[in-house]
Amino acid sequence: MFKKILLATFFCMILLNIAVSCMTLPNIAAPETITVYKNGQTLYVRSSFSAEKDLVFFIYRAANEMAYLIPKSAKITEIAKGERIHASADDYPATNVGGYNFISGNHGSPFLRTLHVAGHGLTEKQIGAEVVSESGIKYYIVGIPNANQILIHHAGSGKTDEPKFHAHSKEKLFLDGKELKFTKSVFTQMYPLNRVYSFSFLVDGKTPLPDQKEVQCEFLDFIFDHDVTDPAAIVKYVRDNPGKKTAPEIVNSWNMLFVHTSGLMKKYQDFVKLPALLSYRNKFRFLPRGAYVLYRTCEVKSPLKNLASLDMMFAWSAGMARRPDHEMYIPKVKKMKLKKYPAAKERIEADFAAVYKIPKQWKVNDRISKGSAIDPQNMPDRFIYLSGKNGKREIGIALGYSLLEGHTALKNKSAERDMAYHFWHTRKMYPYAYLIRKAEPGRVINTIAYKQYFNPQIEPDATVFYSHKEHDAEIVYLDFHKDLTNKTIRLPESMNGKKITVIEQTPSVTLHTKDTVPADGIKLDVKNQYGYIVLKLQ
């Protein structure tokens, strides 16, 4: 009997020890998830924004986007029940290439001109025909969209590093020795240039997303790979094949050529053979907390004078723009005096590191260069808009580049990043990932960029507080504009127990928490009314 009691007591002690051990372990929650749904090439991605609302990315027109805040009770596709806080048909990022202007993204060649010639009487037999200006500049007919319009484009020099395109304006034109009388020569763009070779949605990076079915997952990869056709090669093709429509037809409005199946490759086989200037491999990884991270590889296919790439963009529009209070925060920048738009001697003073309140009338045209940075070897990597009303910040949007990997990594000391940002009068966000001079064929540039909506009210003491994964590590961004002592910052439960590494911080921030993230949050101090810290948790 005594042995039975002793044995029972022994087992009870073991169970008690296990229970106590479990109580002392960090509270590691199950991974956060997102909900995804597609209808053809249209994608919905849902994640939590606040206690009452979820954020939905709506991806359409290839790789462009809108964003909505919808009630928790609404279905993922019921975006009309919520508020559209962002709307853009031009968020997919473009690249400025020497002599070509902006291409890739949603751009075509800007040297196309649409001639308005009422009842011109031309047919496809005139495609490839030479149109000569009064001063002897030669253009070529690349398309005839209707009975009243003709598309012309200059052939260029034939050298991709010095293309020397001309754009027609008002000069008289002649076709077959006779004046081609036009009423207008309109700036338009020549499409398509982008040839899309891969287009897919992969649940957790592995399984194809089924059509018209909601799926919960940890992340979704959107694979979108394409190259950019040399506009001069298109003009050469129509010259070499006179009287023949191109397949696809050249148009003067937005278009991308999808050749992501064997059938489409065969259908457009001649066009696919045309030489490219650049190619892009894009993996958009949609994540919880209103974020996606873009893993991007650009390969140079032809000699180029230079290229400056916007690997993330954001149009200032819809609900965020309609709120009356607008602020912009950019760390690592000196006080600036921005040039007004259009060109004017008067400058507008702005202190973005201190959070700049954007006035109602704010038309500027300027850039953040090495001279604008506090440390030219650590150029600004993130750019934040805050929107709200009555002094309350309601929505934040952060665009940024990785500090750990790719071209913008800290270890590269901002090499080939002479320009970090372009301020434009539309308030559209243009953060640059790199500026490369004399890009040779075979050059490969890897970048990691991100876009993240965040709720500024989650932590009112922080100006900025957002986090997302890069590969398997959580990256946490915290920025403050007040003094704080022994401040506790509660992180998502999924981060509990993860090892803490400081990526960078201002000397004004002291992190008291060491080693790993405790369940009750990290503790820190802020002095001098300003500071930031960026953490890697893994």
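## Basis of the description

Helices (H or I, at least four residues) and strands (E, at least two) are DSSP runs, numbered from the N terminus. The model is predicted, and local features need pLDDT of at least 70, side-chain atom pairs count only at pLDDT 80 or more, and totals for chains, interfaces and linings use all residues. Residues are numbered from 1 along each chain as its sequence is written, and side-chain values use heavy atoms, with hydrogens and water left out.

## Overall architecture

The protein chain has five helices and 40 strands. Its C-alpha trace spans about 115 × 60 × 45 Å along the principal axes.

Burial is expressed as relative accessible area: buried means under 20%, exposed over 50%, and partly exposed in between (1.4 Å probe, protein chains only). Accessible areas come from the Shrake-Rupley method. Of the 538 residues of the protein chain, 54% count as buried.

## Strand 34 and its surroundings

Strand 34 comprises residues 464-470, and six of its seven residues are buried. Strands are said to pair if DSSP finds at least two bridges between them. Strand 34 runs antiparallel to strand 35 (residues 473-480), to which seven bridges join it. Within this pairing, Lys469 stands opposite Glu474 in strand 35. The two strands form a hairpin with two residues between them, and in the turn His471 has a positive phi of about 55 degrees.

Pro460 is found in the loop between strand 33 (444-454) and strand 34. Pro460 is exposed, with a relative accessible area of 57%. Although Pro460 and Arg393 are 67 residues apart in sequence, their C-alpha atoms are 9.1 Å apart in space.

A salt bridge is a side-chain nitrogen of Lys or Arg within 4 Å of a carboxyl oxygen of Asp or Glu. The count by this rule is 33 salt bridges. One of them joins Glu65 and Lys451, whose closest N and O atoms are 3.0 Å apart. Glu65 lies in strand 4 (residues 64-71) and Lys451 in strand 33, so the pair ties together parts that are 386 residues apart in sequence. Both Glu65 and Lys451 are buried.

Asp90 and Lys428 also meet through their side chains in a salt bridge, at 2.9 Å from N to O. This pair links distant parts of the chain, 338 residues apart: Asp90 is in the loop between strand 5 (83-88) and strand 6 (94-97), and Lys428 in the loop between strand 30 (419-423) and strand 31 (430-431). Asp90 is partly exposed, with a relative accessible area of 26%, whereas Lys428 is buried at 9%.

## A salt-bridge network

Lys332 forms a salt bridge with Glu504, with the closest N and O atoms 2.7 Å apart. Lys332 lies in the loop between strand 23 (325-329) and strand 24 (336-339), while Glu504 belongs to strand 37 (residues 500-505), so the pair ties together parts that are 172 residues apart in sequence. Both Lys332 and Glu504 are buried. Salt bridges that share partners join Lys332, Asp381, Arg382, Asp479 and Glu504 into one network.

## A positive surface patch

Lys337, Lys339, Arg347 and Arg367 gather in a patch of positive charge on the surface. Patches are made of residues with over 30% relative accessible area and no salt bridge: like charges are joined within 9 Å, nonpolar side chains (Val, Leu, Ile, Met, Phe, Trp, Tyr) within 5 Å. Arg347 lies in strand 25 (residues 347-350) and is partly exposed, with a relative accessible area of 42%.

Terms used:
Areas by Shrake-Rupley, 256 points an atom, 1.4 Å probe, with all protein chains shown as cover. Lys, Arg positive; Asp, Glu negative; His and termini not counted. Charge placed at Lys NZ, Arg CZ, Asp CG, Glu CD.
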